[in-house]
Amino acid sequence: MTKQVPARVANILINALKGGVVPRAGLEYITVGRTREIEAILHDIDMIEDGGASFRFIVGKYGSGKSFLLQTIRNHATARGFAVVDADLSPERRFAGTKGQGLATYKELIKNLSTKSKPDGGALPLILEKWISGIQTGVKSQYNAEGEAFDRLVEQQIYAVAGSLEGMVNGFEFARAVVLYWRAYREDDAALKSNVLKWFRGEYPSKKEAREDLGINFIVTDETWYDFLKIFAAFLVGAGYKGMLVIIDELVNIFKIPNSITRANNYEKILTMYNDVLQGKARHIGFLMGGTPQCIEDKYKGVFSYEALRSRLAEGHFATAELKDLSAPIIRLQMLTQEEMYILIEKLMQIHAQLYGYTPFLSHEDLVYFLTVEYNRVGAQSHITPREIIRDFIEMINILHQNPGQTVSGLLGGGSFEMARSGLTDEEIHDEFQEFEI
């Protein structure tokens, strides 16, 4: 029996999954399979906490659970004390571009900055104020100082953290902004706070405006945004977090770029990040990038079209679909097995019953009957995905709950889902599920 799920979380889960999107909350209640993949990525997170860095591609077909896995890791990381930034690429958000697409990706990442206490993004002001408050608490516990003396001691600690950033590329400017935020905090200057946050978020259109407002002759640009993420990771560690995890999904939008030079520029940016991680130039930062097999492996437009990346990422001679090297830079997701899908829909049935306040009425035979019909649809062997099965299942239990006189066999046999079952009769389906071992 699934443990009790809060009604708000159950509602998010059911509605999101019915809509074909990955919910941001409650994934721990429905996670099935992927144990080895999650363990491998959590090992990476251990390395990031110890001062290392990691870079992984999570590769799977549409609907295979790729985004689900990324979201699960995001939740794990924030629970462990990491700050997480995430973004989906799009025609407007890339790694590089002539119209500010790299900067647009940076802005989206910082907008979605999340922590354990602020899991839905927008955590930057909270992080800065929590950091300052923590320094003030530390000074109070160590020194018997008040007024100006207290402020001086706090400022020394602020400068100590800021000073540790100055050796990094663009770190001096970042450090100045940190100190400015402290002054705005101390003097309760809302306008200055707002301007510093605007600068951190990459929202200043020109150096001139940043110089006039803050005295900082630098802004985040398409060329510098990645270096800025590395500074953020160092700052976050100084502010008490374990590190930064960067999650970027929908790499297929790079694959779709029609211009070969623009695609190559984007792959070159990925190569820069990848090399930094493997050469030890990046610290306390991890990258997870989600994409389809085609957008990785296509030799004309995919990641592998960029020879420097292909030579680094291509698998060796020994890994197979059954024997995977989970320490390799590419983690390939296989579809969930039928047994795992059974466990998943059973969990969803129990969550649905909790949400709507009824006793689950579907039997083991009903669940297997449903899966047998799904897996015997025309083309299902090569094309059906967990996303489609979940969506169909939630639709089915919604209808059954709303129409108490209906049965699973009546509903599925009646063509309500227009399921082409390859000509199988109900008797043949019954024989199949008798052999379906759960």
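Where is the place of Asp188, between which two helices? Asp188 sits in the loop that joins helix H7 (171–187) to helix H8 (190–200). The model is predicted.

**Positive phi**

Most residues other than glycine have a negative phi. Asp188 has a positive one, near 55 degrees. Asp188 counts as exposed because its relative accessibility is 62%. Glu250 also has a positive phi, about 65 degrees, and is not a glycine. Glu250 lies in the loop between strand S3 (244–249) and helix H11 (252–255). At 23% relative accessibility, Glu250 is partly exposed.

**A buried aspartate**

Asp222 occupies the loop between helix H9 (207–214) and helix H10 (225–238). Asp222 is buried but has no salt bridge. The side chain of Asp222 reaches the backbone nitrogen of Gly97 at 3.4 Å. A polar atom of that side chain lies 3.1 Å from the backbone nitrogen of Gly102. Beyond four places in sequence, the contacts of Asp222 include Ala96, Gly100, Gln101 and Leu103.

**Salt bridges**

The count comes to 16 salt bridges. Three of them are tabulated here.

| Pair | Closest N to O |
|---|---|
| Asp249 and Lys66 | 3.6 Å |
| Glu155 and Arg186 | 2.9 Å |

Lys242 is partly exposed at 31% relative accessibility. Glu49 is partly exposed too, at 28%.

Asp249 and Lys66 pair at 3.6 Å. They bridge 183 residues, from strand S3 to helix H3 (residues 66–79). Both Asp249 and Lys66 are buried.

Glu155 and Arg186 pair at 2.9 Å. Glu155 is in helix H6 (residues 147–165) and Arg186 in helix H7, so the bridge ties together parts 31 residues apart in sequence. Glu155 is buried, with a relative accessible area of 17%. Arg186 is partly exposed at 33% relative accessibility. Shared partners join Asp46, Glu49, Arg80 and Lys242 into one network of salt bridges.

**Helix H15**

H15 (residues 338–356) has 19 residues. From first C-alpha to last, H15 reaches 27 Å, close to the 27 Å expected. Its buried residues include Met341, Leu344, Ile345, Leu348 and His352. The buried residues of H15 pack against helix H1 (7–18), helix H16 (364–375) and helix H18 (386–402). Just after H15, Gly357 takes a positive phi of about 70 degrees.

Note on methods: Residues are numbered from 1 along each chain as its sequence is written. This is a predicted model: local features need pLDDT of at least 70, side-chain atom pairs count only at pLDDT 80 or more; totals for chains, interfaces and linings use all residues. Side-chain values use heavy atoms; hydrogens and water are left out. Helices (H or I, at least four residues) and strands (E, at least two) are DSSP runs, numbered from the N terminus. Buried means under 20% relative accessible area, exposed over 50%, partly exposed in between (1.4 Å probe, protein chains only). Lys and Arg count as positive and Asp and Glu as negative; His and the chain ends are not counted. A salt bridge is a side-chain nitrogen of Lys or Arg within 4 Å of a carboxyl oxygen of Asp or Glu. A polar contact is a pair of N or O atoms within 3.5 Å; within protein, one must be able to donate a hydrogen and the other to accept it, and residues adjacent in sequence count only if both atoms are side-chain atoms. Contact means heavy atoms within 4.5 Å. The expected span of a helix is 1.5 Å times one less than its number of residues.
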